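Biologist: I am new to this structure and would like to understand it step by step. May I put some questions to you as we look at it together?

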Amino acid sequence: KLIYELETKNEAPVRILESYTTYARALWTEGQINEAQKVLTEAEKKLSNKISLEEIDYIRGRMAEEKKDFDIALMYYQKAKLQSRDKNTLKEKILFSLAWTDRKLGKFGAAADAFAELKEMTKDPFDKNRYWFWYTKSLQQSFEQNTKNILVNNSAETIANENKKSATIQN
């Protein structure tokens, strides 16, 4: 009802979006995920081309992450990041969720990139130190992951070459 009243009073799209997202979050909190998704879809239809919908994609990403559907969450976070123009609190949340989901998926290089952007963006000294920590940790894990992949690939090539030599010698 409140959303309808805001729309008929020709309120700013920002207030209308805030009403939709607040309602969707309440439904989601109450376990009514399908209803929350419907509310977000309705908001998208009514507000597309009027305002950035990054918050809707962020919420959908959080919902997917909660269900442990990390690939879908990552897709929504990336979509939200593309829409996010300003350096604001929501963009910081989007980037952190993107980085953390990349870490959960073992994409440490991508996580490091997001943490690097975060540490440059934030003004808060506590957050800056936290992002530095996860940036360096992600870089280290990316290096270890790449080193392991190189070793595995080299070992596989060595074994294949040895097998070829053995087959040639036996023939």
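Biologist: Which residue with a positive phi follows α2?

Modeller: Please note at the outset that this is a predicted model. Helix α2 covers residues 13–29. After α2 comes a residue whose phi is positive, near 85°, and that residue is Gly-31.

Biologist: What length does helix α2 reach from its first C-alpha to its last?

Modeller: Helix α2 has 17 residues, and the expected value at 1.5 Å a residue is 24 Å. The span in the model is close to that expectation, at 24 Å.

Biologist: Are α2 and α3 roughly parallel or roughly antiparallel to each other?

Modeller: Helix α3 comprises residues 33–47, and its axis comes within 7 Å of the axis of α2. The two axes cross at roughly 170°. Angles over 145 degrees count as roughly antiparallel, and α2 and α3 are therefore roughly antiparallel.

Biologist: Which residues of α2 make the contact with α3?

Modeller: On the α3 side, the contact includes Ile-33, Val-39, Leu-40 and Leu-47. Among the buried residues of α2 are Ile-16, Leu-17, Tyr-20, Ala-24, Leu-27 and Trp-28. The residues of α2 in the contact are Pro-13, Ile-16, Leu-17, Tyr-20, Tyr-23, Ala-24, Leu-27 and Trp-28.

Biologist: How many aromatic pairs does the model have, and how far apart in sequence are the parts that Trp-100 and Trp-134 tie together?

Modeller: The count comes to seven aromatic pairs. Trp-100 and Trp-134 form one that is edge-to-face, with 4.8 Å centre to centre and 90° between the planes. Trp-100 lies in helix α6 and Trp-134 in helix α8, so their pair ties together parts whose separation in sequence is 34 residues.

Biologist: Which residues do ring pairs link into a cluster?

Modeller: Phe-133 and Trp-134 also form an edge-to-face pair, 4.9 Å centre to centre. Trp-100 counts as partly exposed at 27% relative accessibility, and Phe-133 counts as partly exposed at 45%. The cluster linked by ring pairs consists of Phe-96, Trp-100, Phe-115, Tyr-131, Phe-133 and Trp-134.

Biologist: Over which ring does the charged end of Lys-119 sit at 3.9 Å from the centre?

Modeller: Lys-119 lies over the face of Tyr-135, at 4.9 Å from the ring centre. The ring at 3.9 Å from the charged end of Lys-119 is that of Trp-132.

Biologist: Is Ser-97 buried or exposed?

Modeller: Ser-97 lies in helix α6. Leaving aside neighbours within four places in sequence, Ser-97 is in contact with Tyr-58, Arg-62 and Tyr-77. Its relative accessibility is 7%, and residues under 20% count as buried, so Ser-97 is buried.

Key. Residues are numbered from 1 along each chain as its sequence is written. This is a predicted model: local features need pLDDT of at least 70, side-chain atom pairs count only at pLDDT 80 or more; totals for chains, interfaces and linings use all residues. Side-chain values use heavy atoms; hydrogens and water are left out. Helices (H or I, at least four residues) and strands (E, at least two) are DSSP runs, numbered from the N terminus. The expected span of a helix is 1.5 Å times one less than its number of residues. Buried means under 20% relative accessible area, exposed over 50%, partly exposed in between (1.4 Å probe, protein chains only). Rings of Phe, Tyr and Trp (its six-membered ring) pair if their centres lie within 6.5 Å; planes under 30 degrees apart count as stacked, over 60 as edge-to-face and the rest as tilted. A charge sits over a ring if NZ of Lys or CZ of Arg is within 6 Å of the ring centre and within 35 degrees of the ring normal. Contact means heavy atoms within 4.5 Å. Axes are lines fitted to C-alpha atoms, for helices over the stretch in contact, and angles run from 0 to 180 degrees between N-to-C directions. Angles under 35 degrees count as roughly parallel, over 145 as roughly antiparallel, 65 to 115 as roughly perpendicular and the rest as oblique.
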